[in-house]
Amino acid sequence: MIQVNPSLSRAQLRTQLRKQRRNLSPSQQTLAAQQLYRQFAQHPLFRRAQHIAFYLAGDGEINPQLLLQEALQRGKHVYLPVLSPWPKTTMVFQRVGVQQQWEKNRFGILQPRWCAADQRAVWTLDAVFLPLVGFDPQGGRLGMGGGFYDRCFAQLCRSAHRLGPQRIGLAHECQRVAQLPVEPWDVPLHAVVTDQQWYAVPASTDCAG
Ligand SMILES: Nc1nc2c(c(=O)[nH]1)N(C=O)[C@@H](CNc1ccc(C(=O)N[C@@H](CCC(=O)O)C(=O)O)cc1)CN2
Ligand SMILES: Nc1ncnc2c1ncn2[C@@H]1O[C@H](COP(=O)(O)OP(=O)(O)OP(=O)(O)O)[C@@H](O)[C@H]1O
């Protein structure tokens with residue numbers, strides 16, 4: 001686990017942790033993806049969930065592709081994040097179709113071509129698997145810095161939809177830090193699954209802000 005120098009800013013921490021995950025070799029990445037799959041494929045949360053949001057891995061992120069394929073095979077509805085053309089700060093979740101058309105978002109990440117009819121309100125999903133740059137065992141998440149996931153969940157946390165989807169961070173073990181700096185807009189994760197283990201977050205820290 002990384003011992004975080006408390007004087008590091010979020011931006012510096014992000015740079016350091018991104019470098020760390022990009023340094024994993026292709027064979028380490030493949031193994032991590034297989035181990036993630038083994039950790040999770042038979043888990044009741046995954047077995048029960050019918051509407052699940054994934055992400056397409058890049059930049060050294062742990063790859064949930066095996067789980068995504070498994071979800072499709074089990075007849076679940078699979079969603080991916082799509083950045084809205086306007087307003088630029090909005091991200092929605094869109095179901096992946098059989099003859100899906102794709103486009104790149106402004107960060108070069110592949111996303112389903114915008115189709116409002118296939119989009120589903122976040123609070124009606126059963127689970128959202130979040131990519132992350134860093135995490136801590138208290139449910140803290142450091143992302144790429146766009147604030148997209150936090151904005152998606154902000155309403156949910158403040159309103160009566162506390163139950164909403166399970167927010168599950170997926171990560172390499174090397175992305176764990178003892179304690180991330182917390183910002184007022186941060187929405188805590190319910191759990192983090194790495195290639196090595198599960199980190200269940202105590203309920204009391206859920207939506208603390
Ligand atoms: N796989 C994956 N998909 C995802 C996310 C993610 O973290 N991972 N996102 C999670 O929110 C959203 C995209 N958010 C992103 C925010 C910033 C950058 C980024 O690369 N920033 C550049 C600099 C900015 C620029 O190119 O204009 C960089 O530092 O490399 C990428 C994605 C939606 N899709
Ligand atoms: N609920 C919100 N409403 C308005 N702005 C927000 C909200 N949540 C986050 N932001 C803004 O987004 C910016 C980036 O936030 P942060 O650094 O936490 O992103 P991140 O979690 O790393 O990114 P991402 O979720 O896209 O991976 C912050 O400057 C913050 O002001």
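The structure is a predicted model, in which local features need pLDDT of at least 70 and side-chain atom pairs count only at pLDDT 80 or more, whereas totals for chains, interfaces and linings use all residues. Residues are numbered from 1 along each chain as its sequence is written, chains are lettered from A and ligands numbered from 1 in the order in which they are written, and side-chain values use heavy atoms, with hydrogens and water left out.

Aspartate 59 is placed in the loop between β1 (51-53) and α4 (65-73); helices (H or I, at least four residues) and strands (E, at least two) are DSSP runs numbered from the N terminus. The phi angle of aspartate 59 is near 55°, a positive value in a residue other than glycine. Most residues other than glycine have a negative phi, and most peptide bonds are trans.

The loop between β2 (77-83) and β3 (91-95) contains serine 84, and tryptophan 86 and proline 87 lie in that loop as well. The peptide bond from tryptophan 86 to proline 87 is cis, with omega near -5°. Serine 84 is buried, at a relative accessible area of 3%, while tryptophan 86 is exposed, at 71%. Tryptophan 86 and alanine 127 are 41 residues apart along the chain, and their C-alpha atoms are separated by 25 Å.

Alanine 116 belongs to the loop between β5 (110-112) and β6 (119-120). This residue counts as exposed, with 53% relative accessibility.

Ligand 1 is surrounded by 13 residues, of which Arg18, Leu56, Glu61, Phe107 and Met144 are the closest; a residue is near a molecule if one of its heavy atoms lies within 4 Å of it. An oxygen atom of ligand 1 is 2.9 Å from a polar side-chain atom of arginine 18. Nitrogen atoms of ligand 1 take part in two further contacts: a backbone N or O atom of leucine 56 lies at 2.7 Å, and a polar side-chain atom of glutamate 61 also lies at 2.7 Å. On its own ligand 1 has 680 Å² of accessible area, and the protein covers 69% of that; accessible areas come from the Shrake-Rupley method with a 1.4 Å probe, and for residues only the protein chains shown count as cover.

The shell around ligand 1 comprises 11 nonpolar, no polar and 2 charged residues, where Ala, Val, Leu, Ile, Met, Phe, Trp, Tyr, Cys and Pro count as nonpolar, Asp, Glu, Lys and Arg as charged, and the others, Gly among them, as polar. At least two residues of this shell come from each of β2 and α5. The space taken by ligand 1 is the largest pocket. On a 1 Å grid over the protein atoms alone, a pocket is an open set of points with protein on both sides within 12 Å along at least five of seven lines, a cavity is a set of points where a 1.4 Å probe fits but cannot get out, and lining residues have an atom within 4 Å of a point.

Ligand 2 sits in the largest pocket, the criterion being that more than half of the atoms of a molecule lie within 2 Å of the grid points of the cavity or pocket. The elements that give two or more residues to the shell around ligand 2 are α1 (10-22) and α5 (148-158), and α5 gives the most, with 5 residues. Of the 15 residues around ligand 2, those that come nearest are Arg10, Arg141, Gly143, Met144 and Trp185. By class, this shell has 5 nonpolar, 4 polar and 6 charged residues.

Oxygen atoms of ligand 2 form polar contacts with side-chain and backbone atoms. An N or O atom in the side chain of arginine 141 is 2.9 Å from an oxygen atom of ligand 2. A polar backbone atom of phenylalanine 148 is 2.9 Å from an oxygen atom of the ligand, and a backbone N or O atom of tyrosine 149 is 3.2 Å from an oxygen atom of ligand 2. Taken alone ligand 2 exposes 650 Å², of which the protein buries 74%.

Definitions and conventions: A polar contact is a pair of N or O atoms within 3.5 Å; within protein, one must be able to donate a hydrogen and the other to accept it, and residues adjacent in sequence count only if both atoms are side-chain atoms. Buried means under 20% relative accessible area, exposed over 50%, partly exposed in between (1.4 Å probe, protein chains only).
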